[in-house]
Amino acid sequence: MPHQRKSIFFLLLLLPLPVFLLSLTVGSYHIPFEEVLAILVGGIDPHPSFSQTQIYRDVIFMIRLPRILLSLLGGIALSVSGASLQSVFKNPLVDSYILGLSAGAGLGAALAIAFLPNFVGLTQLSAFSFSFLAFMLTYFVARDRGQASTVSLVLAGVIVTALFSAALSMIKFFTSPEKLSSVVYWLMGSMAVSGWDEVLQSGPLILFAFLIIGLMRWRLNVLSMGDEEAKSLGINVERDRLVILLTTTLMVSSFVSVSGIIGWVGLVIPHLVRMLMGTPDNRIVIPISASLGGVFLLLADDVARSLTSYELPVGVITTIIGAPFFLYLLRRRGGSTWRQ
Amino acid sequence: METIVSVEDLSFSYGGAFKLNSISLKVSAGTVLTLLGPNGCGKTTLLKCINALLKPESGKVVIFGKNAHELRRWELARLVGYVPQAHVSPFPYSTLDLVLMGRTAHLDFFQQPSNLDYEIAEKALSIVGLDRLKHRPYDQLSGGERQLALIARAIAQEPKLLLLDEPTAHLDFKNQFLVLSIVRRIARENGIGVIMSLHDPNHAILFSDIVALMKNGSIFDMGPSHLVITKEKIENVYEISVRVVNHTDGFLVAPSMETFS
């Protein structure tokens, strides 16, 4: 790596740390920065007594810390999956949201929340299965003689997403009133109601999938050259692509099943990373997408919980930033992206 | 001389119609075989069958004593380097990163390229004379440079056999000769066998040891260029009338204008 790129690389890689500390101070209950540092260093007091510090501690450890960790994990899941899908499909305009994976995971999770017994892992399993099903539908609708073009993938994704969203609305209609509120809360796409349970349910799965994709970051480069070239270079394309797609689905569906559908992160972040780093090399794009994705979703969530006295769904904020960025990408490429 | 690849009675069909009809050929170390013939005669299909990208209906491809279609992709990629026609990727990797991809077959599943892989890639770039452009994004290279970068990538694979699909397509007059002379030099210096498809009989005359003249999925004639590229055979295969002109260094083929008037 050239020297200057190396400095930017490490700067961006460490960026989540200061944003993490900053986010602990943000919220309707203000906690001064020195208090945050003191509490983090001091840990949990073994003999708690009622005091101002105790309230701070509870706010930090019970409410803010899990929410912040979940935002970081979600940012990793959405942006790393976006970067991987873009490489595998040689298509800079796709991510989990556009290909219908998110809508599929949403439907699977909603089904489980509404109708299945509250059993550890069941929601995740249902979200994973439906997410992969949605993706398969998109892929087979788009495929023509073994190739799926940029346009047909995006269009097929729109159709599949519409279909699964309609099914999701039906579920809301048939859900019993006592379960309806939890489905609706979750659907808004928000980390607002999340606690340690959500972090523990999704975190290990997301980190495991991230590890696999991280280890395959060189293979992603070769896969992005197209099937025939990747084969000629010594890659078992069908197997490697399946591994990437399964791990991608795992990380996206794990996050969606605890936080609902949040769009655009997977599209915006990898592009931003390629621009900032000046290379499409996934050995750089994957780790930096993870850190910038985490920072982006965390900052968006900070805004969501501090902008107004009500909680805004974080998905609204990512869309307000993401959709114009997508338009900018299309314009900048002069439409040539669509013709490939 | 050591045989690198032998294609034995290979037939391939696509949707019932025969595209290749019992092809047999051999290439030994350090020699260049050129597939010559009109569009649609099966040159690219044959290259893809040899590289196991297509599965033949019958017959086999034996590379270094091993059946190409029974090897795993990474095993085959250590024996065969494939140079596709120059193209543009939606992801503009640097030229060095592109060439480094040639090392993939030598890496484990979760492994990243090491310093040694970088050295081999840089050496491949210097063999084709592109060292100065290694940090340039691949899509900013000229057509000829792109073709050379793809050849460097195949060299980095350290193959025994190099396959090139129309390496002179879209290149200007000078670059056509530059690319072909580099291909021949690589074959000679590294003892690599080369099979390439070409459109121009005069390129075949200048740069190949053996010419396989193809027509309708079969090999019409095969041998040294002065025996294969004759007035009668070229006229038969291409269905135009030509003259063969002798000059001080050899001979060349030129179309007779009366065909077109």
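This is a selection-by-selection tour of a predicted model.

**Chain B, by domain.** Start with chain B and colour it in two parts: domain 1, residues 1–79 + 159–235, and domain 2, residues 90–156.

**Where the two domains touch.** Next, show the contacts between these parts of chain B: 14 residues of domain 1 meet 11 residues of domain 2. To find the domain 1 side, select α2 (73–77) and α6 (173–190) of chain B, the elements that give two or more residues to it. Of these, α6(B) supplies the largest share, six residues. Colour the domain 1 side by class and you will get 11 nonpolar, two polar and one charged residues.

**The largest nonpolar core.** Now select Ile50(B), Val99(B), Ala152(B), Leu163(B) and Val183(B). Within the largest nonpolar core, which has 168 residues, these five touch the most other members. Which element gives the core its largest share? Helix α4 of chain A, residues 52–88, does, with 13 residues. In chain B, domain 1 (1–79 + 159–235) and domain 2 (90–156) both contribute residues, so the core lies between them.

**Ala152(B) in close-up.** Centre the view on Ala152(B) and leave out residues up to four places away in sequence. The residues that Ala152(B) then touches are Val99(B), Ala124(B), Leu125(B), Ile127(B), Val128(B) and Leu130(B). Val99(B) is also one of the core residues picked out above as touching the most other members.

**Between the chains.** Zoom out to show both chains.

**Last stop: Gln54(A).** Go to helix α4 of chain A and select Gln54(A), which has its place there. Is Gln54(A) buried or partly exposed? Gln54(A) counts as partly exposed, because it has 14 C-beta neighbours inside 10 Å, and being buried takes 20 or more. Finally, draw a distance from the C-alpha atom of Gln54(A) to that of Leu72(A): the two residues are 18 residues apart along the chain, and the distance is 25 Å.

Note on methods:
Residues are numbered from 1 along each chain as its sequence is written. Chains are lettered from A and ligands numbered from 1 in the order in which they are written. This is a predicted model: local features need pLDDT of at least 70, side-chain atom pairs count only at pLDDT 80 or more; totals for chains, interfaces and linings use all residues. A nonpolar core is a set of buried Ala, Val, Leu, Ile, Met, Phe, Trp, Tyr and Cys residues joined through C-beta atoms within 7 Å. A residue is buried if 20 or more other C-beta atoms lie within 10 Å of its own, exposed if 12 or fewer, and partly exposed in between; C-beta atoms are placed from the backbone. Helices (H or I, at least four residues) and strands (E, at least two) are DSSP runs, numbered from the N terminus. Domain bounds come from an automatic or database domain assignment. Two residues are in contact if their C-beta atoms, placed from the backbone, lie within 7 Å. Ala, Val, Leu, Ile, Met, Phe, Trp, Tyr, Cys and Pro count as nonpolar, Asp, Glu, Lys and Arg as charged, and the others, Gly among them, as polar.
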